[in-house]
Amino acid sequence: MVIVHNKSLDWYIKKLIKKEYFSIGAYGDGEWTAILDKPLGQTNAEGTIYTQELCDALEKSLEFKSDNFFFSSPKGIMEKRIDKFLKKKELDIEFYEKEMWNDEMVAGNLSPFIRQLRKMNVVIISNKHLRKLDFLNYDKFIEVGYPNCYTELDRVYRECLEYGKSGVYLVAMGLPATLLVQKLHGRILNSFFLDLGSIWDAFVGIGGQRGFRQELYADKEKYKQWREANLKDI
């Protein structure tokens, strides 16, 4: 069976502090659907179209190899079908638990991570809504379209290289995020490239199609308490 390492939030924070550079590429339901099912012409919950090019690129991305690139996926979906697919492709991948990030966000425990990011040079690569993440004190924002931005990868890649500063690059652009992380990995000196899924969406009021966020947005007091918990001492 596929190995999934369940590392704590603190484990990743310590790597940031110690400048032990790494990148994360996330493979959730949408990515595995693209890889295993290739439902061409259909869309995921966000409205991203499963094109032949995107599906093929995500499948190819599983061949990426680097000691400090972490494949991230939820242990709960590491089913026999995925195991069988990886074996057929002769891919020996050890994954890191993706849901840890979402669980800590839901629980209101992201403040230590956010406080560390605020001490570093942060770059956000995402749709226009995440410009509102002012509490991260980001230095650079590179905007991509939503919900389809696969065709923008080369342009965004060039913008990142032109910017060129060392830092933490937060890549939040849906299904193509891992593809950009892999293109950038190791290309900008002393940098982290992190695809952490949709953990930032609730801070800017988007992604209401997911149950947790839908409930949060419906209760203003609950939303206020959640936000204050995640931004404690910030």
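The dialogue below reads selected features of a predicted model.

User: Which residues is Met 173 in contact with, leaving aside its neighbours within four places in sequence?

Analyst: With those neighbours set aside, Met 173 is in contact with Ile 125, Val 144, Cys 149, Leu 153 and Leu 180.

User: Why is helix H8 described as largely enclosed by the rest of the structure?

Analyst: Helix H8 spans residues 177-184, and seven of its eight residues are buried, so the helix is largely enclosed by the rest of the structure. The buried residues in H8 are Ala 177, Thr 178, Leu 179, Leu 180, Val 181, Gln 182 and Leu 184. Just after H8, Gly 186 takes a positive phi of about 80 degrees.

User: How many aromatic pairs are there, and how is such a pair described?

Analyst: A pair of aromatic rings is described by the distance of the centres and the angle of the planes. The count here comes to 26 aromatic pairs. One of them joins Phe 212 and Trp 226: the ring centres are 6.3 Å apart and the planes stand at 65 degrees, so the pair is edge-to-face. Because Phe 212 lies in helix H9 and Trp 226 in helix H10 (residues 220-230), the pair ties together parts that are 14 residues apart in sequence. Phe 212 is partly exposed, with a relative accessible area of 25%, whereas Trp 226 is buried at 5%.

User: Where do the charged ends of Lys 15 and Lys 183 sit?

Analyst: The charged end of Lys 15 sits over the ring of Trp 11, 4.9 Å from its centre. The charged end of Lys 183 sits over the ring of Tyr 157, 4.6 Å from the centre of that ring. Lys 15 lies in helix H1 (residues 9-18) and is buried, with a relative accessible area of 16%. Leaving aside its neighbours within four places in sequence, Lys 15 is in contact with Glu 20, Phe 22, Phe 70 and Phe 192.

User: Is Glu 59 buried or exposed, and which side chain does its own side chain make a polar contact with?

Analyst: Glu 59, in helix H3, counts as buried at 18% relative accessibility. Its side chain makes a polar contact with the side chain of Lys 38 (2.4 Å). Beyond its neighbours within four places in sequence, Glu 59 is in contact with Ile 35, Lys 38, Phe 85 and Lys 89.

User: How many disulfides does a search of the whole structure find?

Analyst: A disulfide is a covalent bond between the sulfur atoms of two cysteines. The search finds zero disulfides. The sulfur of Cys 149 is 12 Å from the closest cysteine sulfur, in Cys 160, which is too far for a bond. Cys 149 is buried, with a relative accessible area of 2%, and Cys 160 counts as buried at 0% relative accessibility.

User: What should be noted about the backbone, and which residues does a cis peptide bond join?

Analyst: Most residues other than glycine have a negative phi, and most peptide bonds are trans. A cis peptide bond joins Tyr 146 and Pro 147, with omega about 10 degrees. Pro 147 lies in the loop between strand S6 (140-143) and H7. Asn 137, although not a glycine, has a positive phi of about 50 degrees; Asn 137 is in the loop between S5 and S6 and counts as partly exposed at 47% relative accessibility. Asp 233 is likewise not a glycine and has a positive phi of about 65 degrees. Asp 233 lies in the segment after H10 and counts as exposed at 64% relative accessibility.

Terms used:
Residues are numbered from 1 along each chain as its sequence is written. This is a predicted model: local features need pLDDT of at least 70, side-chain atom pairs count only at pLDDT 80 or more; totals for chains, interfaces and linings use all residues. Side-chain values use heavy atoms; hydrogens and water are left out. Buried means under 20% relative accessible area, exposed over 50%, partly exposed in between (1.4 Å probe, protein chains only). Helices (H or I, at least four residues) and strands (E, at least two) are DSSP runs, numbered from the N terminus. Contact means heavy atoms within 4.5 Å. Rings of Phe, Tyr and Trp (its six-membered ring) pair if their centres lie within 6.5 Å; planes under 30 degrees apart count as stacked, over 60 as edge-to-face and the rest as tilted. A charge sits over a ring if NZ of Lys or CZ of Arg is within 6 Å of the ring centre and within 35 degrees of the ring normal. A disulfide is a pair of cysteine sulfur atoms within 2.5 Å. A polar contact is a pair of N or O atoms within 3.5 Å; within protein, one must be able to donate a hydrogen and the other to accept it, and residues adjacent in sequence count only if both atoms are side-chain atoms.
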